[in-house]
Amino acid sequence: MKKSKIALLIAGLVLLLTMTFGITAFAEEDERFNISDATVYTAFDEYYYKGYALEPKVGVKVIKTNSEGEEKEVKLKLGRDYEVTYKRNTELGKAKIVVKGIGKYKGKAVGYFRIIRVPMSETKVSTVRFATPGKAPKYQVTFKGMTLQEGTDYTLTVKYNETAGYKQAKIILKGMGHYKGRKVFRAAVKPNQVRNIKATSIGTDSISLTWNSYASEGVTGYDVYSVDANGGSKTFLTRVDTNAATVTGLTAGTEQFFRVQAFVQKNGKTVYGHISNSYTICTRPEYPNIKYAYMSGRNKLYVEWDAVTCSGYEIQYTTDKSWKTGVQTVYAGYTRTSKTITIDDDDDVYYVAMRAYTYYKDKNHWKYGKWSYTVNTEFSHCYEYYTTKYVNNPNRTNNLKLACAAIDGTILAPGETFSFNGTVGKRTEAKGYKPAPIFTGTDGHTDGIGGGICQVASTMFNASLWANFTIVERHQHSQRVAYCPLGRDAAIYWGAYDYKFKNNTDYPILIKMTCGDGELSCYFYTSSGITPGDVKLNVDQNGKKFTLKRTVDGEVNYTAYSTY
């Protein structure tokens with residue numbers, strides 16, 4: 001008799017006794033299904049080693065027989081029908097699964113899966129350091145998020161990396177320990193980082209660079225970049241096929257930053273190396289143009305120059321024209337365009353030269369520009385002059401000489417205006433001036449103290465015209481004079497008429513006045529060899545009217561009118 005029929009009989013008997021005698025019956029037998037014969041399975045029979053305990057998803061199947069005696073496969077549910085534990089599930093080999101019934105199920109069932117070595121083909125390789133000639137690359141090899149260790153999990157072999165190039169090297173990764181097989185691929189060999197950059201020639205607007213050659217390692221060329229002070233903001237400058245380049249178009253007296261990158265170009269493929277570190281150098285500053293040097297007072301040497309881009313100026317001066325002895329040095333900051341130097345002896349002629357310098361990196365690195373030309377305090381260059389003749393009238397000649405002496409030696413700084421009355425002063429007998437003829441109106445004359453010195457002013461006026469100075473104030477005579485061309489005279493009178501001109505050059509002017517042997521001359525001297533330009537004077541006469549025009553380099557820049 002089958003168990004199911006016996007169970008039904010017992011159940012009927014218990015029910016009958018209960019109904020007949022009111023007696024309650026209790027069953028002691030455990031009716032839970034035993035899973036000891038269950039099938040325990042996983043999705044795969046084998047799993048790759050992962051370095052930690054593997055717990056693949058487990059399925060459990062049992063065979064049950066219904067009341068009609070039919071067998072049916074039933075899938076149990078984890079957590080309701082059974083629970084799972086794993087053993088030997090970390091290392092290579094056979095791992096065990098133990099399933100224990102719960103709820104309506106009891107007993108235990110066992111299943112197995114294998115942990116196997118990982119093929120290197122399943123790993124992922126990323127580059128940490130590229131191969132360079134003679135130096136192996138470095139890779140990060142991972143499998144499912146786990147990083148493999150070289151020497152423990154694999155070995156690395158590199159071939160054909162003596163020279164740089166595209167897919168030049170052959171990389172062989174061979175598994176060991178928990179890994180098996182090989183992974184083989186080609187990798188680029190990058191040129192080495194360019195080193196030892198140096199400047200071989202430095203100009204005001206160009207710098208020639210050189211660096212180590214990598215031609216023996218397969219390098220075919222180099223790209224040169226300018227960068228900012230931090231090595232960034234690359235700007236391509238030039239491409240060369242040798243380890244040298246000249247960069248032009250730079251700004252004088254400024255820091256420059258360069259980086260160089262080697263490359264290999266072959267069969268349409270280009271492989272770049274790591275760009276070099278930043279190299280800092282400085283262009284030479286322009287040499288400053290000294291406008292002038294002169295004695296500005298007792299024991300004072302004044303020097304002025306045109307500014308250039310730099311960190312400062314070095315000024316040297318000496319009384320030795322050959323620059324062999326007594327050379328002194330002073331410095332001026334980059335914001336300065338002049339300097340007053342205290343000297344021992346202001347009776348000597350001083351020779352002055354200067355150069356600019358620029359700091360780069362720090363104040364321990366200087367780059368000097370070229371020395372300027374030498375100027376001196378002698379005012380040896382005659383910029384312009386004019387001479388008039390006079391008749392030797394003793395009193396008049398006396399007056400001419402006194403006025404010339406008052407003016408002689410005057411230094412007119414750039415932009416300064418000369419005043420005849422302001423320099424000569426009032427003509428008085430106390431100063432030695434004597435009566436001599438002067439004009440009264442349009443047709444008369446009389447003797448006046450200081451008479452005749454209008455010739456001094458007129459001579460200066462003509463010298464100023466030829467020097468292309470700016471005429472500030474000029475007055476005509478009331479009558480015609482014989483010592484200069486009509487329309488080119490200048491009248492003065494204390495308290496009424498003055499003669500003024502402005503030094504419109506960038507250089508100081510020394511005024512020399514001479515009077516003797518019937519000639520009166522006005523000279524303008526500079527310490528530099530400048531010229532006033534192409535000056536032409538023309539006076540047109542229309543009856544008693546005279547029109548003076550001065551033309552300089554083809555343009556009229558001064559006009560004066562006179563009527564006699």
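Mentor: One definition is needed before we begin: helices are DSSP runs of H or I with at least four residues, and they are numbered from the N terminus. Please keep in mind throughout that this is a predicted model.

Trainee: Which residue just after H2 takes a positive phi?

Mentor: Helix H2 is made up of residues 394–407. Just after H2, a positive phi of about 95° is found, and the residue that takes it is Gly409.

Trainee: How far apart are the end C-alpha atoms of H2, and what span should its 14 residues have?

Mentor: The expected span follows from 1.5 Å times one less than the number of residues. For the 14 residues of H2, that gives 20 Å, and the end C-alpha atoms agree with this, because they are 20 Å apart.

Trainee: Where around the axis of H2 do its buried residues lie, and what arc do they cover?

Mentor: The buried residues of H2 are Arg396, Thr397, Asn399, Leu400, Ala403, Cys404 and Ile407. They lie on the same side of H2, because the arc that they cover around the axis is only 160°.

Trainee: Which exposed residues does the face of H2 turned away from its buried side carry?

Mentor: Exposed here means over 50% relative accessible area. On the face of H2 turned away from the buried side, the exposed residues are Pro394 and Ala405.

Trainee: Is Arg88 buried or exposed?

Mentor: Arg88 sits in the loop between strand E6 (82–87) and strand E7 (93–101), and its phi is near 55°, a positive value in a residue other than glycine. Most residues other than glycine have a negative phi. The relative accessibility of Arg88 is 53%, so Arg88 counts as exposed.

Trainee: What is the relative accessibility of Tyr160?

Mentor: Tyr160 belongs to the loop between strand E14 (154–159) and strand E15 (165–175), and although Tyr160 is not a glycine, its phi is positive, at about 65°. Tyr160 counts as partly exposed, because its relative accessibility is 45%.

Trainee: What is the radius of gyration of the protein, and what does the globule rule give?

Mentor: The protein has four helices and 45 strands. For its 564 residues the globule rule gives 24 Å, and the protein is more spread out than a compact globule, because its radius of gyration is well over that value, at 54 Å.

Trainee: What box do the C-alpha atoms of the protein fill?

Mentor: The box is taken along the principal axes, and the C-alpha atoms of the protein fill roughly 180 × 70 × 50 Å.

Technical notes:
Residues numbered from 1 in each chain as written. Predicted model: local features only at pLDDT ≥ 70, side-chain atom pairs only at ≥ 80, totals over all residues. Heavy atoms only, no water. Helix = DSSP H or I, 4+ residues; strand = E, 2+ residues; numbered from the N terminus. Buried < 20%, exposed > 50% of the residue type's maximum accessible area, 1.4 Å probe, protein only. Arc of directions from axis to C-beta. Rg over C-alpha atoms; globule rule 2.2 N^0.38 Å.
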